[in-house]
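Take a look at the model below. We will walk through it one part at a time, starting with a single helix.

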Amino acid sequence: MAHILLVDDDPIAVATNTEAIETLGHSVTSTSTTAEAIKFVRTDTPDLVVMEAVLGGKFGGLDLARAIAADYPDLPLIMLTQADQRLTNHELANEDREGWIPVRRYLEKPVLTDVLVDEIDHLLPEAE
Amino acid sequence: MSLPSLVAALVALPAVVGAILILITRTPLRNALVVIGGVAIAILAVATVISFGNTSGVFFGLPGGLAPGKALIAVEIALTIFVVVISLMNRRFLAPLLAVAQLGISLYLEIAGKMPEPDPSRLFWFDRLSLVMVLVVGLIGPLICINAIGYMRAYHRASPMIVGRRTVFFSLLFVFLAGMFGLVVSNYLPMMLVFWEITTICSFLLIGYTRTDETIGYAFRALNMNLLGGLGFGLAIVLLSNQPNGLDLAKLTAGPASAALLPAIALLAFAGITKSAQMPFSSWLIGAMYAPSPTSALLHSSTMVKAGVFLLLRLSPAMSGSTVGYLVAFVGMLTFLFASLTAVTEQNTKKVLAYSTIGSLGLIVGCAGIGTPELAWVGVMIIIFHALAKGLLFLVIGTIENRLYTKNMENFDALLSLMPRVSILFMIGIAGMFIAPFGVVIAKWTAIRAFLEVPGAAGAALILIMAFGSSLTIFYWGKLLIKVLSARRQTDYERSIESRVSRYEWITEGAMAVGVLLAAGGVGVISDQVVGPYALSAFSATPRVFLALDPVMLIVMLSTVLLLPFVALFSWLRPTYDHADFYASGRSANVGHVMGAALGGIKKVTLRNYYLDGVIDGALMFRAGTVACGAVLVAMVTAGMVVR
Amino acid sequence: MNPAVYGILFVVFAPVFGGLLAGVDRRVSARMQGRVGPPLLQPFYDVGKLFQKTTRQINPIAEPLLLAHVGYMAACGALLLGGTDLIFTAFIFALAALLLILAAGSANSPFSFTGAERELVVLLASEPFFILMMAAVCKVTGVSSFGAVLASTQLVAVQLPGVVLAFLLVATIKLRKSPFDISISHHPHQELVSGLTSDMSGRLLAYVELGHWYESALLCTFMVLLFNWSVPLGIAAFLVAYALEVLVDNATSRIKWQLLLRSTWVATFLLCGGNVLALFLLGR
């Protein structure tokens, strides 16, 4: 029974993913901006964060990931993004730059909800 | 160029490319070198085959009649030091023990002067079996290396936190190819052993690539099991060093082995069994599925495991008719049966492919153990068709896994809609594995006919295993095929999935698929020109027909070759067909595969395959197979030592 | 006569045989249930009607798959009578059965999919038998083509009683008779709606019927193979067996797939396996 934070400004994605994660028995909170997300992480320490890279039309999610990882290096992060080729060229100037973004998994939408649920399951630290 | 120089180039080129790759860190340069190196290797392989011509076998040595003795020892020492260091760094102790034991044997033989001088003109042996192996390794190997460029890019992108060591990865792929080439042309057993161990170590390093605790564990399991086999190989060499011509593989296996040679043959068979992941040594191959998919494709379908069955096929004439041979055959056939039983219960697609590989290898081992020309023919045919089809399947699974982020076949629902082009390639691969009359099925058919000739209870048992085992393979491939062939309306997002597949993946997977189709269509030519003559010369047998195909059969065969791909293309090219909704007790469904639920609302439809729980317990089957084959293996080695 | 001619005759006349058999089946079943039953030619009228109905396509791939299913069933018989290797035809038979499964599963719907999975279990249950049967026939007679087996002096059924018994069991499955009709049935109130054919309509259903007729004819041909010394006896044996099947169908209820798989495998292993073992030990 973990606490998952979902950061996405697309209401359909939020609804679908929230429902899927809740079937696992976890509780889900969703926010749609970087600021809200950071505030939530600081106050409510979730067990895992799933975030979209493109928020409000800009790549706020990337900075969000770096900010969270800097302060909470053990918090598993999943990036679930519909970012297209723009992101590829912009961020991956050197594709071998491992660790270009400090998330455990970088998944491109669309992702089957079963798959998302599997990934979360794998990444959550084993609770007793 | 002469055959010997081509062969030398074939072994040297990948080694050189591998060495250079270790020094290159810039990606575009590395990719270019991988492509150029791969293409060069393929061209060399084809050139070697063309220059072979039409003899039954050629022997040659190193230029200047050099003896390799000292060089071999030097390489062995280097490899052993490497194993010891890396094992101790990871606090593993079995591997260094095995490695040091093996080195100890070689040093003892060398120092005590017990190693006889090899015939310098018979260090290498190139016959039609080497030809087949050179083509398999030389054409499929480079395709996998080039595919890996696209695969690894997506793989690392999806897991940004895994430290990538692609420099090492690609370098290892090529060094591995060098080891395989050396192995399949060796006639001098100590030299073959060195190449054998090179492949063991490359496999170990590739499996442990991601350096997670899990993969390191599996890597060491592979290392231990293969080193154990290598130790058996080394012990065989000790026994053979006392025999005249003992270390000359061709002379050793020219005919049924004398009682004095049987113990060594049994030990060599043991080595072959560990390397081809037969039970009880199958768990290393299953563990290797946790490595990136090109590793699985290269090592565990197309090349490394083929080294084990290659050795067993070489030994086949020597084992023929003996108790050792029969017991080896049963290790293989029982492995086939139990691996097929376990595969039925697996949801992880890569593991299904792995069990299928173990099973197919088991069939080859079964054929090698019985040792007739027909069965040798079957064994080589399986090598060819399995390498092509399974290699394709692993590459395709890798592509799918990188885009759908899953290996669970339950998530491959409606693949035909999500990734239509990839589905076609997938279907060609699956068809190649189990649909008549693609190669593997042709081989099974011929195997059944050949087993009918095996006398006594053994023959009956072999036929029974074939009947039940083949049915099981139809079941698990059929399940996968249903998932792949189903369709549903895509959402807009989903339409874009295939656009992300890299061109490296398209080109290499497409080429493999074409290879599968060509081989299936050309099975008659392959049989007449290569495999048939090989089987005849290996057993010094009278000419016979191996593949009795009448024209109607040929037509039926060609139609099946084209069937699934045509059917898939048909569906893909008709997107405006009136796609109705499926039947869901009167409540019609809509986009995204949902249906109206009983009390209002919408429910997602999920369909799960049968895994036969309650009837077959997969874990139990695997353990049963391990125990059964372990017992037969012990019996085999004992029989080899004791039977006079 | 050139065996190829027999092959062509099979392709043309097998559906007639199968359809008539289906018609007799329905008539006799009806009488057993105290009804009058439809005319004997009803199956043909039904298939004709189906071709005229609209076909709703869920997944367009189902149609070519079903056409291939019928095609390979027909080809199997043609190959068999035409003199192709018996074991090879067993593999083609499996392929034909598989194509029906794929067509049903491609609809990706709950009822069809479950029907397809169960049919796959049926295939798993029955396939070992067919391979063993063909292998055993080849072993007994020492030849591997239909014509040669018929011409052989070895009496197959006499030497393979276990195989004949197992055939009766497996035929129940292939003919879709209770208690083994787990994936598709002609009874209206099935738990899987219509199982395999839930999402097939119009000409797709017609193809399934045609395929089933070819399959019946094939099973009859297999029986003739077993009673190789007299073709009329073989056909008669098949008809007697079929009558028994109809009786059993009306008298039993469906069993679960787990029991089907276990019982068929055990029976195949004991009956066929035992028979084959005896063959090998007696040193043919």
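This is a predicted model. Start with helix 1 of chain A, which covers residues 11-23. Helix 1 of chain A has 13 residues. From its first C-alpha to its last it reaches 18 Å, close to the 18 Å expected at 1.5 Å a residue.

Which residues of helix 1 of chain A are buried? They are A:Ala13, A:Asn17 and A:Ile21. Look down the axis of helix 1 of chain A: its buried residues fall within an arc of 50°, so they line one face of the helix. The face turned away from that buried side carries exposed residues. These are A:Pro11, A:Ile12, A:Ala15, A:Glu19 and A:Thr23. What do the buried residues of helix 1 of chain A pack against? Their partners are strand 1, strand 2, strand 3 and helix 5 of chain A. After helix 1 of chain A comes A:Gly25. The phi of A:Gly25 is positive, near 100°.

Now step back to the whole of chain A. Chain A holds five helices and five strands. Along the sequence they follow the pattern β-α-β-α-β-α-β-α-β-α. Of the 128 residues of chain A, 34% count as buried. Take the contacts in chain A with a separation of 6 or more: residues 24 or more positions apart account for 70% of them.

The strands come next. In chain A, five strands form an open sheet with parallel pairing, in the order 2-1-3-4-5. Strand 2 (27-31) and strand 5 of chain A are the edge strands, and each pairs on one side only. From one strand to the next, the twist averages 20°.

Strand 4 of chain A, residues 77-81, is joined to strand 5 of chain A by four bridges, and the two run parallel. One residue pair can be picked out here: A:Thr81 has A:Glu108, in strand 5 of chain A, as its bridge partner. Helix 5 of chain A packs on the sheet. There it touches strand 1 (3-7), strand 3 (48-51), strand 4 and strand 5 of chain A. The direction of helix 5 makes about 165° with that of strand 4 of chain A.

Where does chain A meet chain B? The contact takes 20 residues from chain A and 19 residues from chain B. On the side of chain A that touches chain B, strand 5 (105-108) and helix 5 (113-123) of chain A are the elements that give two or more residues. By class, that side of chain A has nine nonpolar, one polar and ten charged residues.

Chain A does not touch chain C: no contact joins them, and their closest C-alpha atoms lie 16 Å apart. Of the two pairs of chains in contact, chains B and C share the most contacts. Chain B gives 56 residues to this contact, and chain C gives 56 residues. On the side of chain B that touches chain C, helix 19 (439-451), helix 20 (456-485) and helix 23 (551-572) of chain B each supply at least two residues. Helix 20 of chain B gives the largest share of that side, 18 residues. The residues on this side of chain B divide into 38 nonpolar, eleven polar and seven charged.

Chain B also has covered parts to inspect. Is helix 12 of chain B, residues 293-302, enclosed or open? Ten of its ten residues are buried, so helix 12 of chain B is largely enclosed by the rest of the structure. Among these buried residues are B:Pro294, B:Leu298 and B:His300.

Strand 2 of chain B, residues 124-127, is covered on both faces. B:Phe124 and B:Phe126 are buried on one side, and B:Trp125 and B:Asp127 are buried on the other. In a regular strand, side chains alternate between the two faces of the sheet. Four bridges join strand 2 of chain B to strand 1 of chain B (residues 57-60), and these two strands run antiparallel. B:Trp125 is the bridge partner of B:Phe59.

End in chain C. C:Ile173 lies in helix 8 of chain C, residues 161-174. Why does C:Ile173 count as buried? Because it has 20 C-beta neighbours inside 10 Å. C:Ile173 and C:Thr264 are 91 residues apart in sequence, and their C-alpha atoms are 9.4 Å apart in space.

Key
Residues numbered from 1 in each chain as written. Chains lettered and ligands numbered in written order. Predicted model: local features only at pLDDT ≥ 70, side-chain atom pairs only at ≥ 80, totals over all residues. Buried ≥ 20, exposed ≤ 12 C-beta atoms within 10 Å, placed from the backbone. Contact = placed C-beta atoms within 7 Å. Nonpolar A, V, L, I, M, F, W, Y, C, P; charged D, E, K, R; others polar. Pairing = 2+ DSSP bridges. Axes fitted to C-alpha atoms, helices over the stretch in contact; angles between N-to-C directions. Expected span 1.5 Å × (residues − 1). Arc of directions from axis to C-beta.
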